[in-house]
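Student: Please show me the model. I would like to go through it in questions.

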Amino acid sequence: MKPLQSLVVLLLAVAIGVVAAQWLGTDDLNRYGEVTLRYGGYDYHSNLPKVALLSVIGVLVLWLLWSLVAAPFRAWGRYRRKQGRVRLIDGLQAYEHGHWQRAEKLLDGAAADPEVSAVALANAARSAQSRADAASSEALLQRLGERDATLHALLRAEQLLARDLPVDAINTLDVAAIQPLPPRGLWLRTEALAQAGRAHEAYGQLGALRQSKVLPTDASSELEARLAAQALLEASDVNALAAQWEATPKALRPTPDVVAAYATRAVALDWDEPALLALEQALDHRWDDELVALYGRVPAERLATRQANLARWRNVHEDSAALRLAQGRIALAQQQWDAADAFLHEAIAAGAGAPAWEALGEAFAQRGEHALAAQCLANALRLQRGEDSVALVHAADVAPRSTVEDLPTAAQPPVYDANEVRDEFGNPRVP
């Protein structure tokens, strides 16, 4: 208790004592009742106010004696709690600094305080995991499970996700004893469902995640788009894909990743018309180079219509290298060799990169010009390695091979006189 508070309490006690003494000094207290206490053959008579006051004084005296006796124990407890807080703070600081072993030791010591034991054990387990001590981490997790089942489940699920075991993480978070899950548990379960290929279920948890505000607005929107795209890719058939597409919010459908996932899965299920229509509507709504590249790459029909749409978009997006690449691919699919060659060279000049070189190599290969196709593929590999491409060398540009007559005459071996005397090195010996 603070000194000022102690002074106020003391003054109040004195004031109450003075008032009580004056009141007890009056002679008409017997009218409030008389109390008789018989003990050991003696009778003690008093009035009720005196007995009440003496009882209060007795209780206060007993409380004071108990406080004096318990004071050392309370002081020791406060000292231990203070030491536990110091160990917890030092351990957390050591963990942030990367002193894993020291952090584990300090946090393990801080776990003796029941009020902070769960937090201390959780961070001690993380410290043991950071230094790759699986046995120590597992032992700390077992102790954490006895103190705080929810925190134990969250940490266990986090470790299982890091080891690519999403199903085990889901089972850990679905334990009835820890329901309802805290916000971090909802986020971990959503990530686990997505990793397990159950994006449809994960998408259903987005409402609870938004209410918990565990993620910022931008991160929540990004997660929603990612789960919507993954759910579309996981559709098992055309009916499931159509149902998932209808369940996708209209504001999310023009998103490049979402519409690309829908179109890719639709083409894979031989549902070409809706896939192309979705891409065309998305590109009319908001231009995206990746979508137009996909529009030219998907193995669907309607080649003439797609080429016409690309020509229409080129009037607005003349500087798009992806659009020129898409035009080249559509022309290649139509076997319009000259147009494909022109479009693909334009795409390469505009910076379309390795995909344009690959498409040009495919065009040369289909025409039987395998040497040029190999040069195009080599350029694609160079760009992927971060190197510069080289100009194509046509067969007419290569110098003709030299004929046999143009080759230099080989040096003839020396002719020796059989009668000439020579030494062991072949030199003539002077007589």
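Tutor: A definition to begin: buried means under 20% relative accessible area, exposed over 50%, and partly exposed in between (1.4 Å probe, protein chains only). This is a predicted model: local features need pLDDT of at least 70, side-chain atom pairs count only at pLDDT 80 or more, and totals for chains, interfaces and linings use all residues. Residues are numbered from 1 along each chain as its sequence is written, and side-chain values use heavy atoms, with hydrogens and water left out.

Student: Is W313 buried or exposed?
Tutor: Take the relative accessibility of W313, which is 4%. By the cut-off for that value, W313 counts as buried.

Student: How far apart in sequence are the parts that W287 and W313 tie together?
Tutor: Rings of Phe, Tyr and Trp (its six-membered ring) pair if their centres lie within 6.5 Å; planes under 30 degrees apart count as stacked, over 60 as edge-to-face and the rest as tilted. W287 and W313 form an edge-to-face pair, with 5.9 Å centre to centre and 70 degrees between the planes. W287 lies in the loop between helix 14 (272–285) and helix 15 (289–297), and W313 in helix 16 (residues 303–314), so the parts tied together are apart in sequence by 26 residues. Helices (H or I, at least four residues) and strands (E, at least two) are DSSP runs, numbered from the N terminus.

Student: How many aromatic pairs does this rule give?
Tutor: The ring rule is applied to Phe, Tyr and Trp. By it, the count of aromatic pairs comes to 5.

Student: What kind of pair do Y95 and W100 form?
Tutor: Y95 is buried at 19% relative accessible area. W100 is partly exposed at 30%. Their ring centres are 5.5 Å apart and their planes at 65 degrees, so the pair is edge-to-face.

Student: Which residues does N123 contact, leaving aside its neighbours within four places in sequence?
Tutor: N123 has its place in helix 4. N123 is buried, with a relative accessible area of 13%. Contact means heavy atoms within 4.5 Å. With those neighbours left aside, N123 is in contact with L92, Y95 and L107.

Student: Why do the buried residues of helix 5 line one face?
Tutor: These buried residues are S136, S137, L140, L141 and L144. The arc is that of the directions from the helix axis to the C-beta atoms. Seen down the axis of helix 5, the buried residues line one face because they fall within an arc of 135 degrees.

Student: Which helices do those buried residues of helix 5 pack against?
Tutor: The face turned away from the buried side of helix 5 carries the exposed residues A135 and E146. The buried residues pack against helix 3 (100–110), helix 4 (117–130) and helix 6 (149–162).

Student: Which residues does Q195 touch, not counting residues up to four places away in sequence?
Tutor: Q195 lies in helix 8 (residues 183–195). Q195 is partly exposed, with a relative accessible area of 42%. Beyond those four places, Q195 touches L161, D164 and P166.

Student: Where does pLDDT stay under 50?
Tutor: pLDDT is the predictor's confidence in each residue, from 0 to 100. The mean for the protein is 83, and 81% of its residues reach 70 or more. One stretch, with 2 contacts beyond four places in sequence, stays under 50: residues 401–419.
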